[in-house]
Amino acid sequence: MSNVLDIASLQGRWLFAKERVLAQNVANANTPGYKTANVVPFEAVVDNIGLQMTSTSPSHLQAEVSQVASFAQEDAADGATFYSGGDVNLDQEMLKSSEVMRDYALNTAVVKSFHSMISQAAKG
């Protein structure tokens with residue numbers, strides 16, 4: 001996995017998984033004893049695949065992926081327990097859901113930009 005489109009694809013799949021977990025949390029908010037589920041932060045996913053930036057010129061900046069990427073961080077459960085006995089905070093789940101939507105929009109914009117650049121380069 002070495003190009004931007006592969007990374008965007010990986011993030012898209014990660015965002016889908018995160019969205020599914022958030023929907024599961026919301027659906028089970030009133031289920032007695034249900035505990036909030038989370039996904040591994042995308043930064044940890046990228047760190048695990050050993051992604052390295054490459055440069056074609058010595059004058060290019062060198063950076064670690066962990067310095068470049070800043071993805072949504074999962075909040076630790078605040079320990080609150082609600083009437084149902086679960087710990088799902090709907091306000092926090094809605095905020096996380098809006099972060100997922102924002103990240104989808106950013107991901108799509110990056111893919112469109114690269115597609116446009118590739119198309120322009122192919123036209124010459």
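This is a predicted model: local features need pLDDT of at least 70, side-chain atom pairs count only at pLDDT 80 or more; totals for chains, interfaces and linings use all residues.

Me: How many helices and strands does the protein chain have?

Reply: Helices (H or I, at least four residues) and strands (E, at least two) are DSSP runs, numbered from the N terminus. Here the protein chain has four helices and zero strands, in the order α-α-α-α from the N terminus on.

Me: What share of the protein chain counts as buried?

Reply: A residue is buried under 20% relative accessible area, exposed over 50%, and partly exposed in between, with a 1.4 Å probe and protein chains only. Of the 124 residues of the protein chain, 24% are buried.

Me: How does the span of H1 relate to the expected one?

Reply: The expected span of a helix is 1.5 Å times one less than its number of residues. H1 has 24 residues, and its 34 Å from first C-alpha to last is close to the 34 Å expected. At the start of H1, a side-chain oxygen of Asn-3 comes to within 2.9 Å of the backbone nitrogen of Leu-5.

Me: Against which helices do the buried residues of H1 pack?

Reply: Contact means heavy atoms within 4.5 Å. The buried residues of H1, including Leu-10, Trp-14 and Val-21, pack against H2 and helix H4 (90-123).

Me: How is a pair of aromatic rings described?

Reply: One gives the distance of the centres and the angle of the planes. Rings of Phe, Tyr and Trp (its six-membered ring) pair if their centres lie within 6.5 Å; planes under 30 degrees apart count as stacked, over 60 as edge-to-face and the rest as tilted. The structure holds one aromatic pair. Trp-14 and Phe-42 form this tilted pair, with 5.6 Å centre to centre and 55 degrees between the planes. The pair links distant parts of the chain, since Trp-14 belongs to helix H1 (residues 4-27) and Phe-42 to helix H2 (residues 42-49), 28 residues apart. Both Trp-14 and Phe-42 are buried.

Me: How many salt bridges does the structure hold?

Reply: Side chains of opposite charge can pair when their charged atoms come close. A salt bridge is a side-chain nitrogen of Lys or Arg within 4 Å of a carboxyl oxygen of Asp or Glu. The structure holds two salt bridges. One joins Glu-93 and Lys-96, with the closest N and O atoms 3.6 Å apart. Both residues lie in helix H4, three residues apart, about one turn of the helix, and both are buried. Another joins Arg-102 and Asp-103, with the closest N and O atoms 3.7 Å apart.

Me: Why does Asp-103 count as buried, and why is Arg-102 exposed?

Reply: Asp-103 counts as buried because its relative accessibility is 10%. Arg-102 is exposed because its relative accessible area is 51%.

Me: With which side chain does Asn-107 make a polar contact?

Reply: A polar contact is a pair of N or O atoms within 3.5 Å; within protein, one must be able to donate a hydrogen and the other to accept it, and residues adjacent in sequence count only if both atoms are side-chain atoms. The side chain of Asn-107 makes such a contact with the side chain of Gln-11, at 3.0 Å. Asn-107 lies in helix H4.

How values were computed
Residues are numbered from 1 along each chain as its sequence is written. Side-chain values use heavy atoms; hydrogens and water are left out.
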